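Subject: Structure for you to look through

Dear colleague,

I am handing over the structure below, and I would ask you to keep it open beside this message while you read.

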Amino acid sequence: MKYPRWIAHRGAGKLAPENTLAAFRLGATHGYRMYECDAKLSADGVVFLLHDATLERTTNGHGMAGNLAWSALSQLDAGSWHSRAFAGEPLATLESVARHCQAQGHWLNIEIKPTPGMETQTGRAVALEAARLWASDPEHTPFLTSFQPDALQGAREAAPDLPRGLLLDTLWSGWLEAAGQLGCVALVCNHALWDSTTVAQARSAGLKTLAYTVNDDWAAQRLLGLGLDGIITDRVDLFAPED
């Protein structure tokens, strides 16, 4: 894993509508070279970017996003909810984001965000699509993460060579062992979970350490002091990536 330390959350998704190409472009203007995004499946198997299971918060659509075909999803407005300046911004496919990142020489952290009940299938599909899209650009191989072990297992079965990370919001029983069993190379934790003990545990298992979502200077300084390998932030306007 040789990625930039600073990662723009959902592609600068506070200053622009999250998970859209507009957000990735804005992150780049602040010097970011790596972005986190959320990927799920449309009803007809297209991998596209959206955080929520439902459409209401970040688009003008309604209902479960995974129940719609891409032909319908592609017509939605994913920008007006954020601000008038982004009215009409469409949802992005993973393919469109891949092309954008490759053109810029940038990296992507793809969080597998399945529609409930579609964990394994989504993990496989996202991994296969990522492997296809980056086949000619191995230098910028994407990093796959998920809170869902079944999604990571599906990704491992479909594209075992793509690096994977287990996302953690709590330190549930067996978290470290699970990361090893899933063949993960990293742990991506809520920043409050990292301390000298958990960092040492991760490192003893040969795992890289990343934190989300770090939006305050005091939190960033604490994590940098612990020597974390990656920091995911919304505040691309506050933190200037140094590497």
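A cavity, as the word is used here, is a set of grid points where a 1.4 Å probe fits but cannot get out, whereas a pocket is an open set of points. Rolling a probe the size of a water molecule over the atoms shows where empty space is left. Please bear in mind throughout that this is a predicted model.

The open space

The largest pocket has a volume of about 150 Å³, and of the 15 residues that line this pocket, the closest to its centre are His-9, Glu-36, Glu-111, Phe-147 and Tyr-212. At least two residues of the lining come from strand E2, which covers 34-41, and at least two from strand E4, which covers 107-112. The classes in the lining of the largest pocket are five nonpolar, five polar and five charged residues.

Which residues of helices H1 and H3 meet where the two pack together? To place them first, H1 runs over residues 21-29 and H3 over residues 94-104, and their axes come within 10 Å and cross at roughly 20°. Because angles under 35 degrees count as roughly parallel, H1 is described as roughly parallel to H3. The contact itself is made by Leu-21, Phe-24 and Arg-25 on the H1 side and by Ser-96, Val-97 and His-100 on the H3 side, and by class it has three nonpolar, two polar and one charged residues. The crossing of H1 and H3 is right-handed.

H3 also packs against H4, at an angle of about 35° and with the two axes 10 Å apart, and the crossing of H3 and H4 is again right-handed. In this contact, Leu-94, Glu-95, Ala-98, Arg-99 and Gln-102 of H3 come together with Val-126, Glu-129, Ala-130, Arg-132 and Leu-133 of H4. Five of the residues in the contact of H3 with H4 are nonpolar, one is polar and four are charged.

Finally, the axes of H4, which spans residues 119-133, and H5, which spans residues 149-158, come within 7 Å and cross at roughly 40°, which means that H4 is oblique to H5. H4 passes H5 in a right-handed crossing. On the H4 side the residues are Glu-119, Thr-120, Gly-123, Arg-124, Ala-127 and Leu-128, and they meet Asp-150, Ala-151, Gly-154, Ala-155, Glu-157 and Ala-158 of H5. The residues of this contact divide into five nonpolar, three polar and four charged.

With best wishes

Key. Residues numbered from 1 in each chain as written. Predicted model: local features only at pLDDT ≥ 70, side-chain atom pairs only at ≥ 80, totals over all residues. Heavy atoms only, no water. 1 Å grid on protein atoms, 1.4 Å probe; cavity = no way out; pocket = protein on both sides within 12 Å on 5 of 7 lines; lining within 4 Å. Points joined across faces, edges and corners; volume = space filled by probe spheres on them. Helix = DSSP H or I, 4+ residues; strand = E, 2+ residues; numbered from the N terminus. Nonpolar A, V, L, I, M, F, W, Y, C, P; charged D, E, K, R; others polar. Axes fitted to C-alpha atoms, helices over the stretch in contact; angles between N-to-C directions. Parallel < 35°, antiparallel > 145°, perpendicular 65-115°, else oblique. Left-handed = near helix turned anticlockwise from the far one by under 90°. Contact = heavy atoms within 4.5 Å.
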